[in-house]
Amino acid sequence: MSEGERKPGRSGVDRSEGFGERLLGLLLDRAHEMPPQLIAPLVAEEVARVGGRDVSILLQDYEQMVLVPLPGRGLVVGDPEPVEDSPAGEAFLNCETVEVPQDGTVRMFVPLLDGSDQVGAMAVTLDSVDDDDRRLLRRLAGLVADMIVTKDAYTDLFFQARRRAPMSVAAEIQWSLLPPLSMTVPQVEVAGILEPAYDVAGDSFDYALNGDILHVAMIDAMGHGLNAATMATVAIGAYRHTRRANTGLSQVYAFMDRAINEQFGPDHFVTAQMMCLNVATGRLQWVNAGHPAPLLIRGHAVVDRLESPTTLPVGFGGEEPVVSERMLLPGDRLLCFTDGLIEEHQPGGEQFGEEQLIECANRAVRDYTAVRSVVRALSHALKQERGGVTSDDATIFLIEWRGGNADHLATFG
C-alpha cells in the first residue's frame with residue numbers, strides 16, 4: 001500500500017497522515033467563505049469523520065477565570081470550565097493535550113492555539129486514542145483556532161460567548177486596541193493582563209516583534225472612563241505610528257508627547273514605558289515616562305528594580321529622555337506594571353505597595369512555569385490580596401528572554 005492510500009484504524013476509521021491532510025485541506029478550503037455561525041457544525045462534521053463526537057469549543061473569558069462553551073449547531077454546550085483544576089484548563093494553561101478516560105471512552109482536551117496565543121480548548125470524545133488521533137486532533141485544533149481568530153473580525157459571536165458581565169464602552173475600546181495577550185517564539189515569551197476586565201479605561205499595552213527587536217509599550221492615561229480610553233487610544237496610535245517608522249525611543253517619546261499635548265492640552269497626560277529588547281543578544285533599552293520601574297526576575301525571585309532617569313509623562317513636554325540600557329541573561333524575566341497595582345487600597349487603609357507585589361511575584365514564579373500562567377496567577381492573587389478591589393486600572397506585562405534563534409523553524413528536517 002502506498003503512503004498516500006488509506007490505512008484504516010482500529011475501528012475502521014482512517015486516521016493516517018495522508019487522510020488527515022485531505023481532511024484538514026477540505027476544512028481549510030471551506031473556511032475561506034464560511035460564515036462564522038457555520039464553523040461549529042463544520043468542525044463537528046470533521047471530527048465525526050475521525051470517529052469523534054460530543055465536540056465542545058471552549059473560549060477564554062475576559063477575566064481569564066473560566067473557559068466558556070461556544071454555542072452552535074453540532075456542539076455540546078455545558079457549563080463553563082474553570083481554568084484552574086479542570087482538564088480543559090490544564091490543556092489551556094499548559095498548551096498540552098489532556099486525555100481523561102470515561103466509561104470505556106476517552107475525553108480529549110486539546111489546546112486551541114492561534115500561533116502561540118491561547119484561544120481556548122477543544123473537547124472531543126473518542127472510543128480509543130492512538131498517535132494518529134493525537135496528531136490529527138492537534139492539527140485540527142490549530143486550524144479551528146485560526147478560523148476563530150480570523151472570523152472574529154467579522155462577527156460578535158465569539159465576543160458574546162467570552163463576555164461574562166456587562167462591559168463599559170471604555171473597556172470595549174481598550175480591548176479592541178490590544179494585541180494578542182500572549183506570544184511565544186523560541187527566543188522570547190510575553191504575556192499581559194488587564195484589570196478590571198470589564199471596566200478598564202486608561203491602561204493599555206502594545207508589542208511587536210520586528211526581526212530581532214521586540215518593541216514593548218505600557219501606558220496609563222490619567223482619569224477614568226471614556227476620557228481616559230480616548231487618550232489611551234491616541235497614545236497607542238502614536239506609539240505604533242512612530243515605531244513603524246523605525247525611530248529610536250527618544251523620538252517615540254517626543255512624537256507621543258506632541259500627539260497627546262496637541263489633542264488634549266497641557267493639563268492631560270499619559271504615563272508610559274517604552275522598551276526595545278534584542279532577542280538575539282539580550283540587550284534591553286528603555287525609556288521611563290513617569291511609570292513604576294519594572295522588576296527583574298532571575299531564577300525564582302525578584303532580584304532588582306530597573307531604575308532609570310524618569311522624564312515627564314507623555315503630554316507634559318518633557319526634555320529628550322535618557323535611554324537606559326541593560327544586558328539580560330537567558331531566562332531573565334521583566335515584570336512591568338501600572339501604578340494601579342501598587343497604589344490600590346481600601347478606604348482608610350494603606351496602599352498595597354511594591355513590597356507586597358514582590359512577595360506575590362516570588363510566589364507566582366515558584367508555583368508556575370509558563371509566562372502566561374505566571375501573569376494570570378499573579379494578577380488574580382493580587383486582586384484577592386487587595387480584597388477584590390480594583391478601583392483603578394491595574395495592568396501586568398511579563399517578558400521572558402531566552403536567547404538562541406528560531407532558524408530551525410524555517411527548514412524541513
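User: Why is tyrosine 207 called buried?
Analyst: This is a predicted model, and the label rests on its computed surface. Tyrosine 207 has a relative accessible area of 9%. Buried means under 20%. Tyrosine 207 therefore counts as buried.

User: What makes phenylalanine 397 buried?
Analyst: The relative accessible area of phenylalanine 397 is 1%. The limit for buried is under 20%, so phenylalanine 397 is buried.

User: How many aromatic pairs does the structure hold?
Analyst: Six. To count, two ring centres must lie within 6.5 Å.

User: Why is the pair of tyrosine 62 and tryptophan 175 called edge-to-face?
Analyst: The ring centres of tyrosine 62 and tryptophan 175 are 4.8 Å apart, with the planes at 70°. Planes over 60 degrees apart count as edge-to-face. At 70°, the pair therefore takes that name.

User: Why is the pair of tyrosine 207 and phenylalanine 397 called tilted?
Analyst: The ring centres of tyrosine 207 and phenylalanine 397 are 6.0 Å apart. Their planes stand at 40°. Stacked needs under 30 degrees, edge-to-face needs over 60, and the rest are tilted. At 40°, the pair is therefore tilted.

User: What does the pair of tyrosine 207 and phenylalanine 397 tie together?
Analyst: Tyrosine 207 is in strand E9 (residues 203–210), phenylalanine 397 in strand E17 (residues 394–401). The pair therefore joins parts 190 residues apart in sequence.

User: Which residues form an aromatic cluster?
Analyst: Tyr62, Phe159, Trp175 and Tyr198 form one.

User: Why is leucine 143 counted as buried?
Analyst: Its relative accessibility is 15%. The cut-off for buried is under 20%, so leucine 143 passes. Leucine 143 belongs to helix H4 (residues 131–151).

User: Which residues does leucine 143 contact, leaving aside neighbours within four places in sequence?
Analyst: Leu24, Leu27 and Leu28. Leucine 27 is 116 residues away along the chain, yet its C-alpha atom is 8.5 Å from that of leucine 143.

User: What makes valine 375 buried?
Analyst: Valine 375 has a relative accessible area of 2%. Valine 375 lies in helix H11 (residues 371–385).

User: What does valine 375 touch, not counting residues up to four places away in sequence?
Analyst: Ala191, Gly192, Ile193, Ile396 and Leu398. Valine 190 is 185 residues from valine 375 in sequence, with 9.5 Å between the C-alpha atoms.

User: Why is aspartate 103 called exposed?
Analyst: The relative accessible area of aspartate 103 is 84%. Exposed means over 50%, so aspartate 103 is exposed. Aspartate 103 sits in the loop between strand E4 (98–102) and strand E5 (105–114). Its phi is near 50°, positive in a residue other than glycine.

User: Why does asparagine 246 count as exposed?
Analyst: Asparagine 246 has 70% relative accessibility. The threshold is over 50%, so asparagine 246 counts as exposed. Its loop runs between helix H7 (225–243) and helix H8 (249–264). Asparagine 246 is not a glycine, yet its phi is positive, about 60°.

User: Is the peptide bond from glutamate 195 to proline 196 cis or trans?
Analyst: The bond from glutamate 195 to proline 196 is cis, with omega near -15°. Proline 196 is in the loop between strand E8 (188–195) and E9.

User: How do you know that the radius of gyration of the protein agrees with that of a compact globule?
Analyst: For 413 residues, a compact globule would come out near 22 Å. The protein has 23 Å, which agrees. Its C-alpha trace spans about 75 × 50 × 40 Å along the principal axes. Buried residues make up 54% of the 413.

Note on methods
Residues numbered from 1 in each chain as written. Predicted model: local features only at pLDDT ≥ 70, side-chain atom pairs only at ≥ 80, totals over all residues. Heavy atoms only, no water. Rg over C-alpha atoms; globule rule 2.2 N^0.38 Å. Buried < 20%, exposed > 50% of the residue type's maximum accessible area, 1.4 Å probe, protein only. Helix = DSSP H or I, 4+ residues; strand = E, 2+ residues; numbered from the N terminus. Contact = heavy atoms within 4.5 Å.
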